[in-house]
Amino acid sequence: HDHFFLMAEALMKCIDAISTTFKRSISNESVVWSGKFAHDIPCFPIKPLLPVVIGACTGPLGGLSRIQLCDESLQDLFDSGLVAGVTNWNNPPDEADGVSVSLYDHKDGTVGRHGDPIADVYAVVVRQNNAILAVADGCSWGHRPRLAARCAVRGSIEYLTQKFFNSESINCNSQHIIRTLLRSFESGQKMIVENEGTTTTLCVAVVFELAEPKGENGWGLCVVSVGDSPCFVWRNTTRQVVEVTSAAHEGHNRDMRDSGGCLGTSVGDEPDLGNLICSFALLAEGDIVFVTSDGVSDNFDPVTLHEGATTHGPSASPPVSLPVLTPDQRQAGLLANLAHIIECSRSHSNDGFLRAWEVMDGIVKHIIGITDCQRSCLESSNFDNPVLTTLERRTKELEVKDKLKTMSGKLDHATLAVYEVCRVSTNSSTKAMWVAR
């Protein structure tokens, strides 16, 4: 009997140690679970997803609402004003917002910019205890990549709305959220092909309340992403930034010329799911979730900012004075740069919490400022001067190209969707717009 009790005591100590380690890991705010499938994500029960829409926004230029759909049954919904479960897509709540900007230079003598139209799309829908954020970055320039991005976001959010806000969501959990997100990507893919779009990245994040809070973390975040549009979290308690989608490129130097994956017509009518990733993270009230296109994230990369160098990609021949960064060092530098800019954006409000608009404002000011020299250089080059001969024009182009290599930043379309984690009352300053049926 003594031997049995000694063995039982040792076993209980072992179980306690494992339990303590597990509890410590799930309370560590930097922990992110990632994988290719829903079963790679921990199964946390969540509270029922409340259906009342508090606010929503999409863009640019109408975003997901600007699609002439081939499917007439869905077009009827569009004509009635109901798009992806929302009647007013131009009504951002205080807790969320989104923006798309072009960082490219202006064309000579016009208000337009090179690279127009912006091929990125964002959408944010905030409900009482949940939110959906989506960003798609159409690959290359033009109307068909923009159409692909609009279809991807529209198809995904339509599907999520249909599946979440009915009886199926009563006994929902984090794995169910991931499975539904994966199926929503199929819906986005189908809509791209049917409407003759080309290719696009897509990152969709769902924020929800946990049924059983894990310490101070009473919320969860599920993300599915393909391509190079990342999702980040600003931790209000530690004032640090975590990339939730980092497993898509972990241990590898990112190549800014290759998204790594996409929806749409990559191979015939099939997508490229090479870097598809599913991720989950715990959240606390007051954290900020933001999804971006690479036009945002690349402008915080220490290599792009000439704070370091890499031996891979278009920046593989850097000035000898810059330290060569490993992929992990490069990632750490990007997150530190983001955290610094976000912290500097904080207004001195009494409660000490950052607001979604502050994060968005600080990030947009940074990416515009860091690329300003490149735009000024290109706009003053006067390439289109009819007096120039072909040789003179080519010589000037090479001179400008050499100048641009010495300048920080990356010209691109840049898009951002932001949400402050909190439970929102229907009595807030923004009116509830629609209850899912």
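**Note on salt bridges in the predicted model**

1. Glutamate 343 and arginine 239 form a salt bridge, with their closest N and O atoms 3.1 Å apart (a salt bridge being a side-chain nitrogen of Lys or Arg within 4 Å of a carboxyl oxygen of Asp or Glu). The pair links distant parts of the chain, 104 residues apart: glutamate 343 is in helix H6 (residues 327-344), and arginine 239 is in the loop between strand E10 (231-235) and strand E11 (240-243). Helices (H or I, at least four residues) and strands (E, at least two) are DSSP runs numbered from the N terminus.

2. This is a predicted model, in which local features need pLDDT of at least 70, side-chain atom pairs count only at pLDDT 80 or more, and totals for chains, interfaces and linings use all residues. Residues are numbered from 1 along each chain as its sequence is written, and side-chain values use heavy atoms, with hydrogens and water left out.

3. Glutamate 343 is partly exposed at 25% relative accessible area, and arginine 239 is partly exposed at 43% (buried is under 20%, exposed over 50%, partly exposed in between; 1.4 Å probe, protein chains only).

4. Lysine 410 and aspartate 294 meet in a salt bridge of 2.9 Å, N to O. Lysine 410 is buried at 15%, as is aspartate 294 at 5%. Asp294, Asp298, Lys410 and Asp412 are linked in a network of salt bridges.

5. Arginine 355 pairs with glutamate 420 in a salt bridge, the closest N and O atoms being 2.8 Å apart. Arginine 355 lies in the loop between H6 and helix H7 (356-370) and glutamate 420 in strand E16, so the pair ties together parts 65 residues apart in sequence. Arginine 355 is partly exposed at 26%, whereas glutamate 420 is buried at 8%.

6. The structure holds 13 salt bridges.
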